[in-house]
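Here is a short report on one model. Look at the sequence and structure first.

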Amino acid sequence: MAKENKKAKKISMEELNKELRGYIAQIEALRAEIAVIDDNISTYRTAIKTINNLKELGKGKNILIPIGAGAQIEAKIENPDRVVVSVGSGISAELTAEEALTQIAKEIAALQTLRRTLEEAIVEAYAKTEELLERTRALGKEEAKEE
């Protein structure tokens with residue numbers, strides 16, 4: 001009977017460790033998603049700065065546009081109030097600069113909301129991880145007493 005009880009505890013310890021590894025993997029995945037969201041927010045903020053800078057420069061100004069590998073091409077601002085923005089599902093729409101800025105701000109707000117949700121999920125996963133660690137420690141102490 002003692003042998004069966006020890007086997008049941010061993011299985012329980014294995015299950016706890018498996019569950020613990022699952023939560024740790026979940027935390028890592030959530031952190032990776034947050035990093036992608038942060039990159040997207042940064043890109044949107046760069047777009048906002050660019051739109052504002054082009055509006056400030058105004059029509060007719062010559063600018064240099066990076067085209068990759070350190071190369072740039074000269075261009076002239078024709079209409080700084082006309083911005084083509086992705087509106088989802090691979091669809092883009094021409095908007096005024098102000099409409100584009102509003103659209104981009106909405107995207108940032110949505111991403112920030114998603115980020116907060118993921119952060120809350122990380123906090124919950126950490127709490128579960130701590131709980132599992134405590135249970136694992138307690139079970140380990142019990143096993144050590146029995147030996």
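Which residues form a nonpolar patch on the surface?

## Surface patch

Ile65, Ile67 and Ile73 form it, with about 270 Å² of accessible area together. Patches take residues with over 30% relative accessible area and no salt bridge; nonpolar side chains (Val, Leu, Ile, Met, Phe, Trp, Tyr) are joined within 5 Å. A salt bridge puts a side-chain nitrogen of Lys or Arg within 4 Å of a carboxyl oxygen of Asp or Glu. Areas are Shrake-Rupley values with a 1.4 Å probe.

Ile73 sits in strand β2 (residues 71-76). Its relative accessibility is 46%, so Ile73 counts as partly exposed. Buried means under 20%, exposed over 50%, partly exposed in between.

## Model and confidence

The model is predicted: local features need pLDDT of at least 70, side-chain atom pairs need 80 or more, and totals for chains, interfaces and linings use all residues. Numbering starts from 1 along each chain, and side-chain values use heavy atoms, without hydrogens or water.

pLDDT is the predictor's confidence in each residue, from 0 to 100. The chain averages 90, and 92% of the residues score at least 70. Helices (H or I, at least four residues) and strands (E, at least two) are DSSP runs.

## Positive phi in loops

Ala69 lies in the loop between β1 (62-68) and β2. Its phi is near 55°, positive in a non-glycine residue. Ala69 is exposed, at 91% relative accessibility.

Ser89 lies in the loop between β3 (82-88) and β4 (91-96). Phi of Ser89 is also positive, near 55°.

Definitions and conventions:
Patch = residues over 30% accessible without salt bridge, like charges linked within 9 Å, V, L, I, M, F, W, Y side chains within 5 Å. Buried < 20%, exposed > 50% of the residue type's maximum accessible area, 1.4 Å probe, protein only.
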